[in-house]
Amino acid sequence: MQKSLTSELEEYDDRADLIPMIDCVFLMLLFFVVTATFSDQNLFQVELPKAEQAEVRDTTDATVVCISKNGNFALGQDYVADDALMATLRAQLAERKSKTLVIQGDKGCPYEKVVMAVDAAHALGVNELCLAVAQQ
């Protein structure tokens with residue numbers, strides 16, 4: 001006896017299989033978690049000066065100012081002009097509960113730029129100021 005078309009269709013489950021979709025969502029989640037950890041990198045490479053008497057500090061919630069060899073400022077993924085450093089730092093520090101500032105100046109950067117960052121930190125009432133160095 002031959003089955004009718006309606007009885008054949010009733011045998012097949014017409015619900016969508018969610019397992020492949022869940023797999024894709026977890027893979028995308030994993031991708032975004034991995035890329036988010038790398039997105040906190042700075043805009044340019046900074047070669048830190050070496051220091052023998054460096055002290056290790058926890059700066060997980062600190063605001064980081066990078067100064068390139070050319071003297072360009074960066075806060076996170078944004079370049080900052082010299083005249084906008086104070087306003088940008090004020091906005092960054094207002095978002096954080098910790099008023100810690102880390103200055104990562106390249107060992108060949110102009111000294112004037114480091115002084116500008118330190119001066120801005122003092123003007124904004126930074127609680128703790130750290131100069132990042134490489135250990136020997």
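Predicted model: local features only at pLDDT ≥ 70, side-chain atom pairs only at ≥ 80, totals over all residues.
Visitor: OK, and how many residues does H4 have?
Guide: H4 has 13 residues. From its first C-alpha to its last, H4 reaches 18 Å. That is close to the 18 Å expected at 1.5 Å a residue.

Visitor: Which residues of H4 are buried?
Guide: Lys113, Val114, Ala117, Ala120 and Ala121.

Visitor: Where do they fall, seen down the axis of H4?
Guide: The buried residues fall within an arc of 125°, so they line one face of the helix.

Visitor: Which strands does H4 lie across?
Guide: H4, residues 111-123, lies across E2, E3, E5 and E6. H4 runs at about 175° to E5, which spans 100-105.

Visitor: Switching to the sheet. What order do the strands have?
Guide: The order is E4-E3-E2-E5-E6. The sheet is open, has five strands and shows mixed pairing.

Visitor: Which strands stand at the edges?
Guide: E4 (78-80) and E6 (128-131). Each has a single partner strand, so one side of each lacks a neighbour in the sheet. From one strand to the next, the twist averages 25°.

Visitor: How do strands pair, anyway?
Guide: Strands of a sheet pair through backbone hydrogen bonds, parallel or antiparallel.

Visitor: Which residue is the bridge partner of Cys66 in E3?
Guide: Ala74 is the partner of Cys66.

Visitor: New topic: Thr63. Where is its place?
Guide: Thr63 sits in strand E2.

Visitor: Why does Thr63 count as buried?
Guide: Its relative accessibility is 1%. The cut-off for buried is under 20%, so Thr63 counts as buried.

Visitor: What does the side chain of Thr63 make a polar contact with?
Guide: The side chain of Arg96, at 3.3 Å.

Visitor: Which residues does Thr63 touch, leaving out those up to four places away in sequence?
Guide: Thr63 touches Leu75, Leu89, Gln92, Leu93, Arg96, Thr100, Leu101 and Val102.

Note on methods. Residues numbered from 1 in each chain as written. Heavy atoms only, no water. Pairing = 2+ DSSP bridges. Helix = DSSP H or I, 4+ residues; strand = E, 2+ residues; numbered from the N terminus. Axes fitted to C-alpha atoms, helices over the stretch in contact; angles between N-to-C directions. Contact = heavy atoms within 4.5 Å. Expected span 1.5 Å × (residues − 1). Buried < 20%, exposed > 50% of the residue type's maximum accessible area, 1.4 Å probe, protein only. Arc of directions from axis to C-beta. Polar contact = N/O pair within 3.5 Å; in protein donor to acceptor, adjacent residues only side chain to side chain.
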